[in-house]
Amino acid sequence: MIRRFWFAGVVLVVLTVSAIGAAGPGRQPPPGCLNSVSTRSADEESDVARGRGLAALVEDTIVMVREGGDRQEYRHAGGPPELLRHISSLDGVGTAYVNDRGGADAVVLVTGDGLMEIQEPGEAAHPALSTTGDLAWSLDMASLRVRSAADGTISTFTRPEGALAVFSPVFTGPQEITAVVQEPVLGDSGHDDLLNNLWRYDIAAASWTRLTDFTSDGDRWSLIRTPVLDEDGSLLFVRLEALWSATQPPTFELWRLNQGSASKVSDLPGEMFLAGVSEGRLYWNVDADNGGEWRVAEDRGSRLEDRGCGSVAVDPRNELDPDLVGGEGSDPAGDSSPGGSYPGERHPQEIAQAVGLAVKLGDFSSRREAEAVGAAVALDPAALVNHRMAPGAVAPGAWALVWRIAEGADPQTELARLRAAFPQYAERMWITVL
Amino acid sequence: MARISSGRAHSHRALYVLMVVVAFLVGISSSAEAGHWAASGWSHDHSSSGIPIRPKGFSGLNNRFGGACNSSADDAVTWFPSALDRNVGGYVYYHPYLAVNVGNNIRGHIGNDHKEGAVDYGVYGYACRLKTGGTQYSVHSWGAAVDTNTARNPYGQTYWSGVGADGLNHGNYIPNVWKGPNPGHRFYWGLNFSGTKDPHHFQYVTGY
């Protein structure tokens, strides 16, 4: 089947999205997200176990989305859920997802044989099923783990040598897995993603082969997310590209890897990720509310049709990550209230006062140059500062002009005003403290 | 043992003198910088402006800082020692919501305490990037996180190295000035993540 994409011609998005507010932390999904109180269990008799439909997660509920928009809701039947995320289903095989706990996670597998929870020693991500029932997932982004359906044994395949991470595995053959690999970029710390490529792991040969050739120059980054196996055996994936130094969101593109060759299918209109192929239909996770909940959308060729809320391979939006809420300094006492004097604090000059907030224009390599610009913007000569006068605001050897921000004034408003007043210097203005 | 020729001996002596002079000037500069903070009457600002509300989760981040990679996310700037390389300072950019806490409280602490040498390469603020392997933006994308002493505290390391650019071990001085003994300056430390540790990372949000 030749899959046609709704955005191939005129971009026309038809999403019948009901007014749904973002859910705060907690167990309650946004209003209108679920149709009923989920009394059915995701057990071996359920559509979850049969992998019938596209599986999506809404808080602790598994939703099986069928063609035409039918949604069947099921309750997670395993151990106490902390944060359920990253779900995938395969028709006739089953469904797998991650129960994310603070620290060690569990991979949950639901098939006709029942429910199984695989306790892992770290962070599990992106479980994927093969047609024979094998299950693969990423562990700590450092290795792939594969559970054999035949005998239940679990094998571990470390990431390619020199790679920083491996994730999003997809079974692309009986003995092969294609996955996304984070590759190092010279000079980068490796903290957060800069460069991804697709690699194939040959299980029998225990070897990795690089399949794509995207690059990064350190500022411009190129990432791959949510690879999905299409019905013709090709691999669809979303590619993102951006400059990390720019204040501009990345661009999103749809790509296809077919018979060893990767080609761009189309630009995407915004933040959206592949959700999977089910019953011959391609599904997406769409950020329809620009920062709200994830929605499932069915690709109908000429348009997208909303299939309700739910996340598939995307990270949860409004649930708190259980790995990032604990430990020292995470106490909630100050999270919803402003700072101030706390009992027991020892700061000899604990005075709430207006500090030297200012808008800075610089840097200039000489005082003379700074004075000339200062005259051009009609700034008082006393507004010149250097590193000795403002070591946190000006680099050594340089000069800058400053407009002090009055107590109570909004710094961002002042910055915007001055940028508008002197557009020729807008790119060299910032808020700083003298 | 080979003897150094008189010509090379002169150049070695000259190099030694130059090093002493440079070290003296750096010391003068540091003293002058520290003197600025105290002499200018610097003090903490622990008001609600100085240490503002720290949000929780993705929606909290968006509400406080705007969307990821928005145009305001790098509108505040502070010069930090050793930001670009060891003993090579540079500018760190971040969201104005944190201007007083970073630019006055934290940077002021370091200067006033004569602790510029405790800071080590690299120091980074705003960066529009995604977390490894996921669809979530890094907290750096909101200008709500700063990495410091990155070279000696790489991602994945499970402890903090307090050795600064000056080669001395400053213990937990740097983490304490960012996060504080509670309540401190309230940055959430990546060494407290229960997943992969990130000891050089300090972010102004929890649960994300």
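Visitor: How many residues of chain A are in contact with residues of chain B?

Guide: In this predicted model, 88 residues of chain A are in contact with 75 residues of chain B. A contact here means heavy atoms within 4.5 Å.

Visitor: What should I keep in mind about numbering and confidence?

Guide: Residues are numbered from 1 along each chain as its sequence is written, while chains are lettered from A and ligands numbered from 1 in the order in which they are written. Local features need pLDDT of at least 70 and side-chain atom pairs count only at pLDDT 80 or more, whereas totals for chains, interfaces and linings use all residues; side-chain values use heavy atoms, leaving out hydrogens and water.

Visitor: What area is buried between chain A and chain B?

Guide: About 6500 Å², and carbon and sulfur atoms give 53% of that. Buried area is the accessible area (1.4 Å probe) that two parts lose on being put together, summed over both.

Visitor: Why is the pair B:D75 and A:R419 called a salt bridge?

Guide: The term asks for a side-chain nitrogen of Lys or Arg within 4 Å of a carboxyl oxygen of Asp or Glu. The closest N and O atoms of B:D75 and A:R419 are 3.0 Å apart, so the pair meets the rule. The count between chain A and chain B is two salt bridges.

Visitor: How many residue pairs are in polar contact across this interface?

Guide: The rule finds 28, with both residues at pLDDT 80 or more. A polar contact is a pair of N or O atoms within 3.5 Å; within protein, one must be able to donate a hydrogen and the other to accept it, and residues adjacent in sequence count only if both atoms are side-chain atoms.

Visitor: Which elements give two or more residues to the side of chain A that touches chain B?

Guide: Among them are β12 (165-173), β16 (220-229), β17 (235-243) and α3 (411-421) of chain A. β27(A) gives the most, with four residues. Helices (H or I, at least four residues) and strands (E, at least two) are DSSP runs, numbered from the N terminus. Chain A has three helices and 27 strands.

Visitor: What makes strand β18(A) largely enclosed?

Guide: Six of its eight residues, in the run 251-258, are buried, so β18(A) is largely enclosed by the rest of the structure. Buried means under 20% relative accessible area, exposed over 50%, and partly exposed in between (1.4 Å probe, protein chains only). In β16(A), eight of the 10 residues are buried, so this strand too is largely enclosed.

Visitor: How do you know that β17(A) and β18(A) pair?

Guide: Two strands pair if DSSP finds at least two bridges between them. β17(A) and β18(A) have seven, in the antiparallel sense, so they qualify. Eight bridges join β16(A) to β17(A), also antiparallel, with A:R220 opposite A:L243. β16(A) and β17(A) form a hairpin with five residues between them, and A:G233 in the turn has a positive phi of about 90°.

Visitor: What joins β18(A) to β19(A)?

Guide: Seven bridges, with the strands running antiparallel. The two form a hairpin with two residues between them, and A:Q259 in the turn has a positive phi of about 50°.

Visitor: What does the salt bridge of A:R295 and A:D306 tie together?

Guide: The closest N and O atoms of A:R295 and A:D306 are 2.6 Å apart. A:R295 lies in β22(A) and A:D306 in β23(A), so the pair ties together parts that are 11 residues apart in sequence. Both residues are buried.
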